[in-house]
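Take a moment to look over the sequence and the model below. Then let us walk through one part of it together.

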Amino acid sequence: MCKEKKEFMHEAVNQSLLSVKNGGGPFGAVIVKNGEIIAKAANSVTQTNDPTAHAEVNAIRLASSKLNSFDLSGCEIYTSCEPCPMCLGAIYWARIDKIYYGNTKNDAKNIGFDDSFIYDEMELPLENRKVKFVQLEHKKAQKAFKIWQLKEDKTGY
C-alpha cells in the first residue's frame, strides 16, 4: 500500500483517538478526493445527542458541504472501523468509490458496538421485527411520489 494511503488512514485513526479524548466514541473518518483530504471527522453521538453523528456520516456531511454536492463520486473514505449499516448506507448514497478501514466489525463488537442485530433485523419480514412497522395513509403518501415521477425538472439522486 502506498505511503499516501497509510497517511490518510493514520488521520482517520487520529480522529478516533481525538474523539475518545474528548468524550466521543472511538471512531474517525477522512474523505479524500484527488489525493487531498477534503473532510475529516470523528464520532460525536454523545456530544451532540445525535444518534446519526457517526464519524463517516459527519465526514460525508462536511465533504458534501465543501464540494457543494450530494454526489461524492471520485472520493474515497478512510475510516478507523468497518462501517456500520447506517454509515454503509450513507456511503452508498453518497456514491463514494472506495472504503478503506482499520478495525473490523468484530473488533467493534468486542468493545460493545455490535451491529449484527441490525443486519439480522433487515432479513426479517416487517411483522417479525423488534421495531413495529405500521403503514398508514398509503394513498395520500403516493401523491408526492406521483408528482415527483411526472416532474420534468427534478434532480435525481
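The buried residues of helix H3 (55-67) pack against strands S1 (28-33), S2 (36-42) and S3, and also against helix H4 (85-94). Buried means under 20% relative accessible area with a 1.4 Å probe, counting protein chains only, and contact means heavy atoms within 4.5 Å. Helices (H or I, at least four residues) and strands (E, at least two) are DSSP runs, numbered from the N terminus. This is a predicted model, where local features need pLDDT of at least 70, side-chain atom pairs count only at pLDDT 80 or more, and totals for chains, interfaces and linings use all residues. Residues are numbered from 1 along each chain as its sequence is written, and side-chain values use heavy atoms, leaving out hydrogens and water.

Which residues of H3 are buried? Among them are Ala55, Val57, Ile60 and Ala63. Just after H3, Asn68 takes a positive phi of about 55 degrees.

Now turn to the strands. Five of the six residues of S1 are buried, so S1 is largely enclosed by the rest of the structure. S1 pairs with S2 in the antiparallel sense over six bridges; two strands pair if DSSP finds at least two bridges between them. Ala29, for example, has Ala41 in S2 as its bridge partner. S1 also runs antiparallel to S3, joined by five bridges, and here Val32 is partnered by Glu76.

Terms used. Buried means under 20% relative accessible area, exposed over 50%, partly exposed in between (1.4 Å probe, protein chains only).
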